[in-house]
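Here is a short note to read alongside the model. Please keep the viewer open and go point by point.

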Amino acid sequence: VKSAAQWRCVAGVLVLLSLGLLVAVIVRAVKKNENTQTDTDSVIAKLKCKGGDSVINTSEPENPGVFDDLTHKELKSIQEYIYGVSELKLARPKEAKINSSYLFVSDYFPPKKSEALRYLDGNGNKPAREARLIIFRGDKTPPIVEEYIVGPLPKPTYHKLLKSTARKNPVPYAHRPQGGVELGELFGHLYSVIDREVGYLLKESYGATFTHCRNKCLTSFLSSVSSAILNKDVRKMWILAKYDIEYYSIQPVDIAFLANIDGSDSSRFHIETVVYADQVYSSLQALAAAYNSTSNPINKSKVEFPKYDENLFSAMFRRGPPSSSSSSNNPQRPAKSVEPDGKRYSIKHSEITFQGWKFNFRMSTLTGPQIYDVRFGGERIAYEIGLQEIAVFYSGQSAAERAADYIDSGLLVGTHADALVPGADCPESSTFLPTTFLSDTASDPVRKSKSVCVFEMDTGIPLRRHLSYSYAEGGFYSGLSDIVLTVRTILTLVNYDYVLDFVFHQSGALEIRTISTGYIISSVYTDNKGPYGFKIHDNMIGNIHYHMFHWKADVDVLGTSNRYETLDISAEDVNNTLSSGLPHELYTQIRFNRSLKHNEQEALYKFDFNRPKYHVFHNNDKKTKHGVPRSYRIHLAGMAKQLIPENNGNEMALSWARHQLVVTKHKDDELSSSSCYALFDNRQPTVHFSNFTDDNDNIVDEDLVAWIAMGVHHIPHTEDLPITPTPGSHLAFFLLPYNYFDECPSMRSRDAIRVGLKNREKPEEGVVVNRYGNSRGVECEANLPNYDQEVKEDPTAVLQNSREGSGYS
Ligand SMILES: *[C@@H]1O[C@H](CO)[C@@H](O)[C@H](O)[C@H]1NC(C)=O
Ligand SMILES: *[C@@H]1O[C@H](CO)[C@@H](O)[C@H](O)[C@H]1NC(C)=O
Ligand SMILES: *[C@@H]1O[C@H](CO)[C@@H](O)[C@H](O)[C@H]1NC(C)=O
Ligand SMILES: *[C@@H]1O[C@H](CO)[C@@H](O)[C@H](O)[C@H]1NC(C)=O
Ligand SMILES: *[C@@H]1O[C@H](CO)[C@@H](O)[C@H](O)[C@H]1NC(C)=O
Ligand SMILES: *[C@@H]1O[C@H](CO)[C@@H](O)[C@H](O)[C@H]1NC(C)=O
Ligand SMILES: *[C@@H]1O[C@H](CO)[C@@H](O)[C@H](O)[C@H]1NC(C)=O
Ligand SMILES: [Cu+2]
């Protein structure tokens, strides 16, 4: 007997079916007209898929938990509180100058791990929620940067300096990260000075200037010169001129300015060196004089302003004849993923669940994406996994080119996750999550509506499969596609774009992946630049560089009392007399030895091709029924050697890249391995990662944290034009169950397919196909939001229409 609800459902489906037919007719009608349409408007067939019973609530929680980011309401209360603190005298955004005290950025400050665990595991009160504020004190003498903890939220009553054994606070003003207030004053001042002194030269040489230039403008790329390079705490930046045209990082011109932007008085900012056409001058005036000299003529550059159209090599329009399978008359849509039975994951604010997985996601304003309390099958395997730092170091023939050593947390990585585009950045069926934070240029909390996407996807690769073809050998097939949940964010850090994924597999494996794309940085071609890049366009080389990434993985395998062991694989010779019949015959085979790491120094790991190893973490009291420690293994699949010697130049900022894996005893103070000051502070790092292991703590039966470095070298080539494609740049590390489950946990997945004989005794009776209740075929399409319409109505959903809240760039 069917219930009324079920009948209603059937009726609903019929209505939808007929609606679907109607839509199909419309689609056909629209298709006919397509050739006459210039707009790419598309009608989406709306034959609605079943909803499923998952909960998707991406709104801010009323009562945020221990892993939720600061909510809009909390941010407002922080503003109200902090602007009322009289001794700080904070200037409001818009009024803030580099010579005033102002709020630079906010971040959630997670509670101590022990308190959070007591609360999560049911034996403790909910820890107070606190915020971390970076405050620039430009009106102090000397000016400094202070970090404050403000709480308890949502009604703050205190602010106190952040005290930590692992980081300096306060921080010299010269080490502060870049932000909108400073860059506003910097560009306003220096661009007009440059144009005043050498504007006519820029016009003659490049057909463009920095100011009053309408559609023929120069813009610039900034490279901070760190205190380690200068050997003192002075703030300097190279300003590398580029054409302001799509896209400036591969439209270089051969003039660069070294700016001294030290202190809090912007009227004292000045250009102290200029490099023009490979010739060096000590001031703008000196260049102007030399340029005019008739007695002693200098080499002059003469380039035309590029012509902007769809074929401009640096512009990103589709060009070239369509490849054979589709033509411009007959476009054919690519394969897409659908959710025929609705979403199989749930999102409740920061908490995400999928096929036995459960975790919380947040975006740290300072360090980027993080997941917390990561559980599989109910059991916690990691407390926290998060990005720590992204760096890219360039080389070049000139001082300005090689100064381009970017430590991206100096740009506040978490604020650069923005405007993910469904259909290109993430599947159209994705759920998008917002981020919210305070910035130095916006009066209200800045909200980015599509910073993160969550989606289920069939990777198209079998998670497992076996075919036992012959009847004699069993006669069956069994397979399961690697169907995963991905939580993705993409950080656009000036010219580069980094795709950062947390990928949850049904085998209990967690994959953390970084992929790079975006525009390279280039410089003007001269004959002597051979070792630093190929000539890839008329007048341009793509400079060699390398990208480095650092991640933290606070693993908790069956509790917080863990050990770290390597399984060392080696060759050994054994007696082979029995097989060979010869008395002295040896046979060489491989074996492994378990090697327990006792302290942090012993655990420092540098990859060695000659010594293959597994890295496993376990709780010594938790064994399988076979007496083997139940472990999780960290598999490194994205290593690259960092070649700058230790303590040399900017290497200090990358001390985390000295080892591919470091294991430390958990300390709340050792919150992150780098800091937003790392662009400038290398002479005396605010956070110096190699100090984390100096105290050489015991790591046997302790709460352990694994720190993982990844990297990739990049020698640009013509196919990096206009943009670097992602294939080949996938770097990852995995957390893999290792003797943790009795068998592969994917055995419980209903996504599997088995084909077997009906009757093994009588193969002639044929086969059965078992899909474990899943039906085949895709009869519906999700009711996807119309993205094109959305951005037409609100362009800010994809492009910013003012500098407000932009942070840097
Ligand atoms: C989502 O969460 C918010 C805040 O807790 C709540 O007010 C709202 O009702 C929830 N929405 C749904 C559809 O459950
Ligand atoms: C701060 O700088 C602004 C210019 O940016 C200037 O007008 C103002 O007088 C300065 N204030 C102090 C106290 O120096
Ligand atoms: C150089 O020549 C230009 C153009 O004649 C002139 O405008 C400029 O003032 C001269 N600059 C110097 C430093 O002589
Ligand atoms: C000017 O260019 C020529 C030819 O490239 C070169 O030989 C010369 O050294 C350059 N002069 C300066 C001052 O760099
Ligand atoms: C493993 O242990 C064996 C026996 O103790 C030893 O001969 C061998 O050198 C060890 N291998 C490694 C890589 O430590
Ligand atoms: C190998 O084992 C055989 C039989 O056990 C023994 O006779 C022979 O001496 C052994 N050879 C070596 C090289 O140890
Ligand atoms: C790191 O250790 C060095 C040497 O012991 C010390 O001078 C420095 O202050 C430490 N840095 C931090 C951030 O603790
Ligand atoms: Cu690159």
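Predicted model: local features only at pLDDT ≥ 70, side-chain atom pairs only at ≥ 80, totals over all residues.

1. The structure holds 36 aromatic pairs. Take Phe-359 and Phe-504 as one of them: their ring centres are 4.1 Å apart and their planes meet at 10°, so the pair is stacked. Phe-359 belongs to strand β14 (residues 357-364) and Phe-504 to strand β21 (residues 496-504), so the contact ties together parts that are 145 residues apart in sequence.

2. **An edge-to-face pair.** Tyr-614 and Tyr-738 pair edge-to-face, with 5.5 Å from centre to centre and 75° between the planes. This pair also links distant parts of the chain. Tyr-614 sits in strand β29 (residues 613-623) and Tyr-738 in strand β33 (residues 731-738), 124 residues apart. The cut-off matters here, because buried means under 20% relative accessible area.

3. **The aromatic cluster.** Which residues form one aromatic cluster? They are Trp-357, Phe-359, Phe-376, Phe-504, Tyr-632, Tyr-740 and Phe-741. Both partners of the stacked pair, Phe-359 and Phe-504, are therefore members.

4. **Charges over rings.** Two cases are worth a look. The charged end of Arg-633 lies over the ring of Tyr-614, 3.6 Å from the ring centre. Tyr-614 is also the ring that pairs edge-to-face with Tyr-738. The charged end of Lys-450 sits over the ring of Phe-432, 5.5 Å from its centre.

5. **First disulfide.** How many disulfides does the structure hold? There are two. One joins Cys-213 to Cys-217, with 2.0 Å from S to S. The link is right-handed, with 95° about the S-S bond. Cys-213 is buried at 13% relative accessible area. Cys-217 counts as buried at 11%.

6. Cys-426 is joined to Cys-453, S to S 2.2 Å. This link is left-handed, with -85° about the S-S bond. Cys-426 lies in the loop between β17 (405-407) and β18 (431-437), and Cys-453 lies in strand β19 (residues 446-468), so the bond ties together parts that are 27 residues apart in sequence. Both cysteines, Cys-426 and Cys-453, are buried.

7. **Other cysteines.** Cys-676 is buried, with 5% relative accessibility. Cys-744 is partly exposed, at 33%.

8. **Ligand 3.** The residues around ligand 3 are Tyr-200, Ala-288 and Asn-292. An N or O atom in the side chain of Asn-292 is 2.3 Å from an oxygen atom of the ligand. I would check that distance in the viewer. From Tyr-200, a polar side-chain atom lies 3.5 Å from a nitrogen atom of ligand 3. The protein buries 35% of the 360 Å² that ligand 3 exposes when taken alone.

9. **Ligand 5.** Asn-593 places a polar side-chain atom 2.3 Å from an oxygen atom of the ligand. An N or O atom in the side chain of Ser-570 is 3.3 Å from a nitrogen atom of ligand 5. On its own, ligand 5 has 360 Å² of accessible area, and the protein covers 37% of that.

10. **Cis peptide bonds.** Where do they fall? The bond from Gly-151 to Pro-152 is cis, with omega near -15°. Pro-152 is in strand β4 (residues 144-153). Leu-721 and Pro-722 are also joined by a cis bond, with omega about -10°. Pro-722 lies in the loop between β32 (704-714) and β33.

11. **Positive phi.** Asp-278 is not a glycine, yet its phi is positive, about 75°. Asp-278 is placed in the loop between β10 (270-276) and β11 (279-281), and it is partly exposed at 46% relative accessible area. Asn-696 has a positive phi near 45°. Asn-696 lies in the loop between β31 (661-665) and β32, and is partly exposed at 30%.

Definitions and conventions. Residues numbered from 1 in each chain as written. Chains lettered and ligands numbered in written order. Heavy atoms only, no water. Near = heavy atom within 4 Å. Polar contact = N/O pair within 3.5 Å; in protein donor to acceptor, adjacent residues only side chain to side chain. Areas by Shrake-Rupley, 256 points an atom, 1.4 Å probe, with all protein chains shown as cover. Phe/Tyr/Trp six-rings, centres within 6.5 Å; stacked < 30°, edge-to-face > 60°. Helix = DSSP H or I, 4+ residues; strand = E, 2+ residues; numbered from the N terminus. Lys NZ or Arg CZ within 6 Å of the ring centre and 35° of its normal. Disulfide = S-S within 2.5 Å. Buried < 20%, exposed > 50% of the residue type's maximum accessible area, 1.4 Å probe, protein only.
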